[in-house]
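This report describes selected local features of a protein structure. The sequence and the structure are shown first.

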Amino acid sequence: MKKHKIGMALSLVLAAGTLLGACGKSDDTTKDQAKGGDKEKTTFSVAMVTDVGGVDDKSFNQSAWEGLQGFGKDNGLEKGKGGYDYLQSTSDADYTTNLNTLARQGFNLVYGIGFLMHDAVDGIAKQQPKTNFAIVDDEVKQPNVASVLFKEQEAAFLAGVAAALTTKSNHIGFIGGMEIPVIERFESGFLAGVKAAKPEAKVDVQYSGAFDKAELGQTIASKMYSSGADVVFHAAGATGNGLFKEAGDLKKKDPSREIWAIGVDRDQNDMGPDVVLTSAMKRVDVAVKDLSTKAKDGKFPGGETAIYGLHEDGVGLAPVNSKAPNKDAIDKAVKEWVEKIKSGDVKVPGTRDELKTFSAK
Amino acid sequence: MSKRLINLLTPIFAVLLGIILGTIIMLVSGYNPVDAFIALGQGAFGDVYQTGEVVRQVTPYILAGLAVAFAFRVGLFNIGVEGQFIVGWLAAVWVGVTFELPTIIHIPLAILAAMLAGGLWAFIPGLLKARFRVHEVIVTIMMNYIALHVVNYIVNTKMNQGSSKTGKIHETASLRSEWLSNLTTGSSIHWGIIIAIICCFIMWFLLEKTTRGFELRAVGFNQDAAHYAGMSVNKNIILSMVISGCFAGIAGAMEGLGTFGYMAVQGGFTGVGFNGIAVALLGGNTAIGVFFAALLFGILKIGALSMPLAGVPKELVDIIIALIVFFVAASYMIRIVLERFSKKGVK
């Protein structure tokens with residue numbers, strides 16, 4: 001009977017844990033409703049569906065939402081029906097429901113944010129031919145779907161250069177989310193960047209297998225730092241928040257220790273002003289704003305795929321932390337590489353196979 | 001007040017208390033609870049489409065709830081429903097993708113495969129419990145992780161059709177139907193709900209109407225007494241875990257054959273198995289109770305998706321669900337109050 005009770009307690013803790021897991025997020029995004037007012041009355045409305053990372057994941061989804069908010073403000077739209085809005089997904093099963101709900105609410109353009117939403121967007125686009133859809137990070141071939149891809153490898157390459165010029169132990173870490181093509185682009189670009197700037201530095205590559213597990217990110221980061229890495233880059237969405245937590249904690253314990261973290265998707269300097277070296281920015285916000293504007297002007301590029309790279313200002317490197325010891329050298333090197341990439345002299349590898357044959361001139 | 005009535009009233013009071021406390025939390029944090037509940041209701045019943053989605057969500061919840069409840073009745077805590085669910089999902093998709101058979105054979109075969117996979121996954125902790133008295137809670141938790149990573153590995157390396165997911169199952173194995181989908185203006189509802197309801201009957205019949213069920217319940221009430229009465233406790237422990245795993249496996253088949261039609265690499269646990277624990281608790285571990293509890297959870301989960309449209313974060317619904325679970329777990333409190341109340345009534 002005693003066992004009975006222990007089991008009961010355990011199962012309750014587990015059940016409560018999973019249920020409460022989703023409650024921990026702060027939700028300030030919903031509060032700051034746009035007060036843009038009615039500058040001009042438009043009938044155009046736009047909405048997005050986040051993947052499981054949620055709208056406040058401090059990276060990918062949040063960046064898209066910021067783009068949408070910016071678009072709303074510029075056009076005097078209000079948050080809500082008939083303006084701009086978002087829905088969050090907690091599991092893969094929610095994607096279809098959320099996309100369909102927004103289409104049914106009469107939004108003109110609905111974004112599926114993330115590679116994981118490919119099938120859902122594909123299915124719903126057929127069902128709702130009158131609504132325009134857009135998918136970020138993958139291609140869906142439908143007349144009413146626009147696809148947005150990024151050259152993540154170019155931003156990651158610059159981050160790799162910055163990391164290589166900063167590291168003293170010649171030991172760098174990379175934390176990936178799930179092993180999907182998008183993250184492979186980040187990984188390949190980053191490794192190529194390190195190789196180009198400092199071939200003798202080694203990079204420890206690890207995947208967490210999830211985009212929403214900050215505790216896992218922290219565990220991996222902790223292992224990397226304790227095994228001698230002094231710069232760690234993450235491309236893991238909300239999982240990467242654990243990296244900043246770990247780096248911040250270590251820095252607090254020993255302020256003289258030189259450790260750095262590199263952010264992703266948006267300028268993540270706010271995650272730890274003392275430890276964030278820079279961020280490999282993927283301007284989902286720029287793309288979202290850009291595409292929304294096109295759609296509003298009646299020039300929705302349905303069936304097409306837009307690719308945003310350095311050249312289009314769709315990706316880039318955030319300003320390097322002013323506390324970095326050799327900020328000037330990094331800035332100079334990054335600038336040179338940007339020129340080379342933009343001019344096409346250097347083609348940054350986007351897959352592991354391309355990375356094998358990559359050589360920096 | 002009869003014991004039966006109290007048993008019925010306890011979960012209802014738990015739900016009400018959860019909603020009341022949730023409302024207070026909304027008020028304190030500055031959200032309008034009326035808007036929130038209207039959005040919730042709209043999100044679940046706004047039109048037939050939403051209701052179709054609710055039914056789709058309820059289907060795996062019922063089966064996962066049955067799985068937890070069945071083991072519970074025999075005195076076992078099957079925390080491994082999540083893992084059994086995942087292996088069942090993969091097994092069903094594997095049959096759906098690999099074979100080409102007429103529907104009448106294909107669907108039952110796929111479900112059977114899911115049952116076998118789930119049953120096998122539960123057999124291991126059952127055997128360890130029966131033979132070596134290893135606590136099933138520990139083993140099943142471990143088995144969850146093994147299931148998650150093994151299945152991800154298989155999907156990624158053996159069945160990957162690009163983008164980290166398996167190919168689509170053949171039409172003949174699909175539980176989806178044009179007719180149902182059109183009826184609910186294009187929702188992802190599927191025939192799985194019928195299977196889930198049949199499973200409710202099976203569980204009720206098995207436990208209440210058969211000798212084997214009597215034995216299983218006897219083991220649940222008191223192992224020593226059951227042993228003294230000449231029943232094989234070990235055999236019943238293993239059997240109950242396997243049946244529980246079968247239910248969980250079928251729940252996985254519902255996702256594989258109905259909702260998705262494929263299996264993708266999972267970034268983490270789906271939560272269906274863990275929600276099953278809450279469903280079973282709220283449903284008092286009876287077949288009919290599980291059905292209604294799953295219905296409530298499905299409504300809350302789907303309804304919550306639309307709440308951000310009313311400016312209310314959907315996490316509030318998770319809080320309400322957590323509160324309901326809390327009050328069910330603390331049902332002793334409610335029972336005492338109810339009994340006091342009924343005694344006064346007699347005076």
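## Surroundings of Asn144(A)

Leaving aside residues up to four places away in sequence, Asn144(A) is in contact (heavy atoms within 4.5 Å) with Ala125(A), Gln128(A), Pro129(A), Thr131(A), Asn132(A), Phe133(A) and Phe300(A). The model is predicted: local features need pLDDT of at least 70, side-chain atom pairs count only at pLDDT 80 or more, and totals for chains, interfaces and linings use all residues. Residues are numbered from 1 along each chain as its sequence is written, chains are lettered from A and ligands numbered from 1 in the order in which they are written, and side-chain values use heavy atoms, without hydrogens and water.

Asn144(A) sits in the loop between β4 (132-136) and β5 (145-150) of chain A; strands are DSSP runs (E, at least two residues), and helices are runs of H or I with at least four residues, numbered from the N terminus. With a relative accessible area of 7%, Asn144(A) is buried (under 20% relative accessible area, 1.4 Å probe, protein chains only). Its side chain has these polar contacts (N or O atoms within 3.5 Å, one able to donate a hydrogen and the other to accept it; residues adjacent in sequence count only if both atoms are side-chain atoms):

| Side chain | Backbone oxygen | Distance |
|---|---|---|
| Asn144(A) | Ala125(A) | 3.2 Å |
| Asn144(A) | Gln128(A) | 3.4 Å |

Strand β2 (residues 84-87) of chain A points Tyr84(A) and Tyr86(A) one way and Asp85(A) and Leu87(A) the other, and all are buried. In a regular strand, side chains alternate between the two faces of the sheet.

Key. Buried < 20%, exposed > 50% of the residue type's maximum accessible area, 1.4 Å probe, protein only.
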